[in-house]
Amino acid sequence: MKSYENTMTYLKTLNMKGVLEKLDELVNDAEIQKHSYITFLNTILNTEIESKRLRRIKRNMTGAHFPIIKKLKDFDFNLIKGIGKSESIILNDCRWIDKKENLLFFGPPGIGKTHLAISFGIIAVEKGYTVCFERITNLMKLLKLSEVQRSAEFRIKRILKSELVIIDEIGYTPIDKKEANLFFNLISELYEKTSIIITSNKSFEEWAEMMGDEIMTTALLDRLLHHGKIYNLDGESYRLKERIKEKEEAIKN
Ligand code: ADP
Ligand code: MG
């Protein structure tokens with residue numbers, strides 16, 4: 001019993017939570033299957049490595065602040081123009097994140113821009129990358145507050161350290177001069193260091209108007225587009241289509 005207690009203490013000291021949780025089961029299995037010492041040692045180490053990896057993914061998923069869970073498998077590529085299933089499969093391997101490339105999704109509301117952005121974000125988290133999701137309105141709030149509020153400062157620091165930053169819904173709300181400046185500085189800091197996904201319902205031409213400064217907008221777009229893939233999505237609004245379907249079904253019943 002003493003050795004068992006010692007093992008538990010050592011596992012706690014080494015912070016080996018994965019093995020700690022399963023110790024009885026692991027020892028039992030090894031005894032039943034008459035594992036060699038080295039096989040048992042490998043099983044112990046592998047259990048801890050896997051448990052740490054899963055815990056890191058869980059932490060990153062929480063830290064990403066996805067507003068909702070959306071999966072690529074639930075996205076119907078037949079409904080839109082501008083991106084195909086084969087392209088999405090290429091993006092699945094996350095090599096674009098290793099290469100610090102950006103994905104820019106443009107198109108009208110309800111077409112699946114946010115769905116795609118979240119899906120690629122979740123794939124990245126599952127592959128072990130750190131990701132942050134923010135709607136542009138909240139990002140602006142955080143940037144403005146980061147000098148006076150600890151939680152905002154903490155979030156901005158996490159964004160700057162992330163491997164993928166998703167900025168959603170650019171264009172729905174106007175941006176004033178100060179906000180445009182803060183946004184430009186953030187993108188400049190992320191440039192070539194972090195991958196960025198942006199979604200916008202406004203075309204590039206409309207960005208200058210939205211930001212109120214043509215030169216800054218050009219510089220901003222320059223940075224986003226340098227290693228960026230543009231997807232101009234088109235089709236009918238999925239939200240509208242769903243609503244029409246619901247109405248039709250209500251009439252039928
Ligand atoms: P956008 O960001 O372009 O306004 P969303 O991504 O928020 O659009 O999509 C609106 C809703 O419709 C979401 O619930 C989304 O999951 C769904 N949706 C949109 N396009 C598709 C699609 N092609 N396949 C499956 N669901 C879709
Ligand atoms: Mg959206």
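These are my notebook entries on a predicted model.

**Ground rules.** Residues are numbered from 1 along each chain as its sequence is written, and chains are lettered from A and ligands numbered from 1 in the order in which they are written. Since I'm reading a prediction, local features need pLDDT of at least 70 and side-chain atom pairs count only at pLDDT 80 or more, while totals for chains, interfaces and linings use all residues; side-chain values use heavy atoms, with hydrogens and water left out.

**Domains.** I looked up the domain assignment, whose bounds come from an automatic or database source. It gives domain 1 (2–60) and domain 2 (72–240). Their C-alpha centres are 40 Å apart. Across the two, four residues of domain 1 are in contact (heavy atoms within 4.5 Å) with seven residues of domain 2.

**Cores.** Next I checked the nonpolar cores, meaning sets of buried Ala, Val, Leu, Ile, Met, Phe, Trp, Tyr and Cys residues joined through side-chain atoms within 4.5 Å. Buried is under 20% relative accessible area, exposed is over 50%, and partly exposed is in between (1.4 Å probe, protein chains only). The largest core has 31 residues, and Phe66, Ile83, Phe105, Leu116, Phe120 and Ile197 have the most contacts inside it. Among the elements that each supply at least two residues of this core are α3 (37–64), β2 (102–106) and β4 (164–170); helices (H or I, at least four residues) and strands (E, at least two) are DSSP runs, numbered from the N terminus. α6 gives the most, with eight residues. I also noted a second, separate core of 30 residues, including Leu139 and Met216.

**Leu164.** I found Leu164 in strand β4. Buried or exposed? Leu164 is buried, at 0% relative accessibility. Leu164 and Phe120 sit 44 residues apart in sequence, yet 9.8 Å apart in space, C-alpha to C-alpha. Leaving aside neighbours within four places in sequence, the contacts of Leu164 include Phe120, Trp96 and Ile196.

**Glu101.** I found Glu101 in the loop between α5 and β2. Glu101 counts as buried because its relative accessible area is 17%. With neighbours within four places in sequence set aside, Glu101 is in contact with Trp96, Ser195, Ile196, His227 and Lys229.

**Lining check.** Which kinds of residue line the largest cavity? I got four nonpolar, three polar and three charged, where Asp, Glu, Lys and Arg count as charged, Ala, Val, Leu, Ile, Met, Phe, Trp, Tyr, Cys and Pro as nonpolar, and the others, Gly among them, as polar. A cavity here is a set of points on a 1 Å grid over the protein atoms alone where a 1.4 Å probe fits but cannot get out, and lining residues have an atom within 4 Å of a point.
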